[in-house]
There are 2 protein chains.
Amino acid sequence: MKRRNFIAAAGAATVLTACGQQQDCATGEANNKPQETIEWNMVTTWPPGFQGLGTGAEYLAALIGKLSNGRITVKVFGAGELVPALQVFDAVSSGTVQMGHGASYYWKGKMPAASFFSSVPFGLNAQEMNGWLLKGGGLELWQELYAPFNLIPMPGGNTDIQMAGWFNKEINSVDDLKGLKMRIPGLGGEVLKRAGGNPELIAGGEIFSALEMGRIDAAEFVGPYNDLAFGFYKAAKYYYYPGWQEPGTTLEALINKQAFEQLPADLQDVVKTACLTANADMLAEFTEKNNEALRILVEEHGVQVKKLPQEVLDHLESISEKLVEEQGQANELSKRIYASYLDFKKKANAWKQISQSL
Amino acid sequence: MKRRNFIAAAGAATVLTACGQQQDCATGEANNKPQETIEWNMVTTWPPGFQGLGTGAEYLAALIGKLSNGRITVKVFGAGELVPALQVFDAVSSGTVQMGHGASYYWKGKMPAASFFSSVPFGLNAQEMNGWLLKGGGLELWQELYAPFNLIPMPGGNTDIQMAGWFNKEINSVDDLKGLKMRIPGLGGEVLKRAGGNPELIAGGEIFSALEMGRIDAAEFVGPYNDLAFGFYKAAKYYYYPGWQEPGTTLEALINKQAFEQLPADLQDVVKTACLTANADMLAEFTEKNNEALRILVEEHGVQVKKLPQEVLDHLESISEKLVEEQGQANELSKRIYASYLDFKKKANAWKQISQSL
């Protein structure tokens with residue numbers, strides 16, 4: 001039932017969008033909106049209403065509506081409501097929907113260099129990602145990478161640095177990584193594998209029981225804000241930091257190229273600016289919420305927060321550097337992306353030693 | 001001549017604004033713009049075109065124009081072009097102009113608690129300021145503080161953490177602060193004074209010669225991006241960090257309340273969103289430019305970058321804590337501002353130890 005309604009809604013939106021805003025466009029449906037109203041759909045990789053990430057997508061959609069004075073309305077769909085999470089890229093690429101919200105590392109199967117635009121192990125932090133993307137040439141490279149797919153990417157949020165994860169086994173040396181059964185997807189998982197561990201792919205909703213039942217020794221998810229809500233502190237002894245695997249994850253807003261080009265220039269500015277504002281807004285939210293959630297975890301739930309030993313971090317970093325380099329070798333564009341990222345990171349590291357010294 | 005033109009321009013804008021967008025409004029001037037065009041002026045505390053800060057104000061003004069599809073145009077004036085830097089607050093408050101761009105600590109003479117909304121010594125960093133202002137109740141308090149002045153403040157930029165400054169005298173202990181003649185305005189200057197130093201008020205354009213002639217021992221300005229452009233490396237031996245006096249300075253956009261309320265709701269959203277976008281954009285710019293400028297200073301100009309000894313930082317911090325507390329005692333509202341800021345800072349410090357540990 002629900003699925004059928006969503007498909008009907010999507011169909012109507014496609015028709016409306018195909019009309020363009022100047023054409024006389026009869027949809028055959030009751031519609032009180034002015035003729036020029038453009039109805040877009042946004043599919044996301046997040047569970048409906050997922051705090052911080054899903055709500056960030058909703059903030060973005062609402063802001064486009066407000067800034068355009070209702071000339072564009074954007075309807076948001078959680079993962080699986082219109083298309084499954086991992087079909088978001090294709091759905092926007094094909095024009096089935098006009099927008100998407102997710103994270104670029106989900107598409108590293110198509111383009112290994114895509115990971116650079118979300119987060120890579122021991123990579124840029126949140127503020128540095130914004131510096132690279134908005135002022136250091138990163139966004140132009142990202143748009144070049146997605147152009148063959150008919151997609152315009154924009155930064156659309158940031159989770160800040162994440163946590164290393166929830167552990168039921170203490171990590172005192174690199175030997176403790178060997179055989180470690182850990183829920184850790186993506187490049188982080190590959191790093192753990194090269195360090196002798198056993199990364200597992202487990203959906204967010206199943207982490208708790210896997211930890212509680214002892215099917216895994218450890219799991220990384222996001223950071224205090226999301227982790228508190230999922231109650232992982234009830235299923236694991238130690239909460240390790242820092243989140244070396246995701247030091248400042250940028251989320252992406254995807255825009256279908258034809259849908260974007262059909263907009264008048266001012267609405268193109270509205271859509272892009274709304275993405276930039278949502279990008280900053282989510283980081284502010286995670287900054288505030290992580291603080292408070294960490295306090296609750298420690299003070300109210302007695303969580304033991306521990307830092308991974310430097311020896312372990314150094315080992316993971318040396319593995320990561322090689323793996324990250326591999327992501328930037330697929331072709332000429334990948335090499336330029338990697339070179340740009342690495343150059344920014346080197347300069348950023350020098351400034352970070354100064355800026356984080358207070 | 002120039003001044004007269006500016007005053008004439010401002011007068012015209014005031015007339016237009018007073019008309020509101022629905023009224024039949026004849027200005028008696030040749031005007032090709034559509035009837036509904038609203039012309040605003042923005043005065044700033046920055047030299048015209050000042051990199052990062054003045055250009056950030058220009059970015060904000062241009063963005064309002066683009067997002068509104070030209071329904072609002074905002075003309076930017078550098079310090080002294082229409083009003084002197086330190087009359088920006090009053091000019092927007094009185095409605096002489098509709099917008100301003102500056103920093104709230106310039107108005108601490110009127111309201112000591114104003115400093116909390118730009119930067120205070122050993123206070124929040126840039127990311128934390130955004131967390132507090134946008135999600136932790138800070139902006140609501142700021143708007144309450146400025147409401148009696150007919151002003152709506154918005155965050156409108158951030159310089160990131162600054163540098164401790166340029167020194168021709170080494171600082172090895174707290175004793176070296178005694179008698180130190182240093183260009184350092186605001187609360188930082190007051191802290192230095194309490195530590196036995198001699199803070200001096202010197203305009204930005206005169207710092208270089210004061211350093212070069214030996215009239216002062218040291219000077220703080222902003223950070224590598226701006227400092228490189230001013231060539232201070234030619235007039236001082238050491239470049240000290242961290243910028244304890246300004247750990248993440250938020251700049252402000254000021255909006256005249258009546259001018260704002262005369263806008264239709266969608267243009268109110270446009271103006272506020274443009275401020276938020278400009279706020280994030282400037283931080284991205286400083287993040288990128290500081291990296292590169294630091295590299296140039298060190299590699300091309302051989303600048304000696306030094307960290308202030310921890311003993312000195314600890315001493316300055318203990319003085320700062322008392323001084324900052326004093327800023328939040330003037331009245332009931334000041335106390336609420338201080339309490340909110342301090343609460344956020346305590347929680348943020350716990351998260352910072354985790355987030356900055358990579």
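Lys347(B) and Glu292(A) join their side chains in a salt bridge, with nitrogen and oxygen 2.7 Å apart. By salt bridge I mean a side-chain nitrogen of Lys or Arg within 4 Å of a carboxyl oxygen of Asp or Glu. The rule finds five salt bridges across the interface of chain A and chain B.

Before I continue, a word on the source. This is a predicted model, in which local features need pLDDT of at least 70 and side-chain atom pairs count only at pLDDT 80 or more, while totals for chains, interfaces and linings use all residues. Residues are numbered from 1 along each chain as its sequence is written, chains are lettered from A in the order in which they are written, and side-chain values use heavy atoms, with hydrogens and water left out.

Let me turn to the interface as a whole. Between chain A and chain B there are 13 residue pairs in polar contact, both residues being at pLDDT 80 or more. A polar contact is a pair of N or O atoms within 3.5 Å; within protein, one must be able to donate a hydrogen and the other to accept it, and residues adjacent in sequence count only if both atoms are side-chain atoms. Which element of chain A gives the largest share of the side that touches chain B? Helix 10 of chain A does, with 18 residues. By class, this side of chain A has 27 nonpolar, 14 polar and 13 charged residues. Here Ala, Val, Leu, Ile, Met, Phe, Trp, Tyr, Cys and Pro count as nonpolar, Asp, Glu, Lys and Arg as charged, and the others, Gly among them, as polar. Helices (H or I, at least four residues) and strands (E, at least two) are DSSP runs, numbered from the N terminus.

In terms of contact, meaning heavy atoms within 4.5 Å, 54 residues of chain A meet 54 residues of chain B. The two chains bury about 4,700 Å² between them, 67% of it on carbon and sulfur atoms. Buried area is the accessible area (1.4 Å probe) that two parts lose on being put together, summed over both.

Leaving aside residues up to four places away in sequence, Thr287(A) touches Asp160(A), Gln127(B), Glu128(B) and Gly131(B). Is Thr287(A) buried or exposed? Thr287(A) is buried, at a relative accessible area of 2%. Buried means under 20% relative accessible area, exposed over 50%, and partly exposed in between (1.4 Å probe, protein chains only).

Next, helix 4 of chain A. Eight of its 10 residues are buried, so this helix is largely enclosed by the rest of the structure. Among the buried residues are Met129(A), Trp132(A) and Leu133(A). At the N-terminal end, Asn125(A) caps the helix, placing a side-chain oxygen 3.2 Å from the backbone nitrogen of Gln127(A). After helix 4 comes Gly137(A), with a positive phi near 90 degrees.

Finally, the aromatic residues. The whole structure holds 46 aromatic pairs over all chains. Rings of Phe, Tyr and Trp (its six-membered ring) pair if their centres lie within 6.5 Å; planes under 30 degrees apart count as stacked, over 60 as edge-to-face and the rest as tilted. Trp132(B) and Tyr341(B) are edge-to-face because their planes stand at 90 degrees, with ring centres 5.2 Å apart. This pair links helix 4 and helix 12 of chain B, 209 residues apart. Trp132(B) is buried at 0%, and Tyr341(B) is buried at 3%.
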